[in-house]
Amino acid sequence: SGGYKNDFISYGDDLLRMPPDSNRVVFAKENNVLYEDFDSSYVLGFNVIQGKPEFCYNYRDDKKSTNNLIGKNHDENVQRLLFKMKSFLHSAYVQYENKTAY
């Protein structure tokens, strides 16, 4: 069988093992300050220097990004994406802190 044989690290949901209708989350690093996570409808931007989210938009319904959901702390989508982002950043930090020189 083919495939990648070396060790690697990936973050986010396994897109090959999830049902097509599930709400997958993908992470992106915009620059050294801003990380984003996306699902099928929402994007959350997290400022790693300040340690807090800057924005969360429903990009499907709010195409011009005028309704920032961050001020609405009870929004379940903000809370879900924020939890995923914090988990991602923690996992990445632990991985890079414990990385040994080869």
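Trainee: Which residues is methionine 85 in contact with, leaving aside its neighbours within four places in sequence?
Mentor: Methionine 85 is in contact with Phe27, Tyr35, Glu36, Asp37, Leu44 and Phe46. Contact means heavy atoms within 4.5 Å. This is a predicted model, in which local features need pLDDT of at least 70 and side-chain atom pairs count only at pLDDT 80 or more, while totals for chains, interfaces and linings use all residues. Residues are numbered from 1 along each chain as its sequence is written, and side-chain values use heavy atoms, with hydrogens and water left out.

Trainee: Which residues have the most contacts inside the largest nonpolar core?
Mentor: They are Leu44, Cys56 and Met85, in a core of 15 residues. Such a core is a set of buried Ala, Val, Leu, Ile, Met, Phe, Trp, Tyr and Cys residues joined through side-chain atoms within 4.5 Å; buried means under 20% relative accessible area, with a 1.4 Å probe and protein chains only.

Trainee: Which elements give two or more residues to this core?
Mentor: Strand 3 (42-47) and helix 1 (76-97) do. Helix 1 provides the largest share, six residues. Helices (H or I, at least four residues) and strands (E, at least two) are DSSP runs, numbered from the N terminus.

Trainee: A change of topic: is asparagine 47 buried or exposed?
Mentor: Asparagine 47 counts as buried because its relative accessibility is 5%. Asparagine 47 lies in strand 3, and its side chain reaches the backbone nitrogen of isoleucine 49 at 2.9 Å.

Trainee: How many helices and strands has the protein?
Mentor: There are one helix and four strands, in the order β-β-β-β-α from the N terminus.

Terms used
Buried means under 20% relative accessible area, exposed over 50%, partly exposed in between (1.4 Å probe, protein chains only). A polar contact is a pair of N or O atoms within 3.5 Å; within protein, one must be able to donate a hydrogen and the other to accept it, and residues adjacent in sequence count only if both atoms are side-chain atoms.
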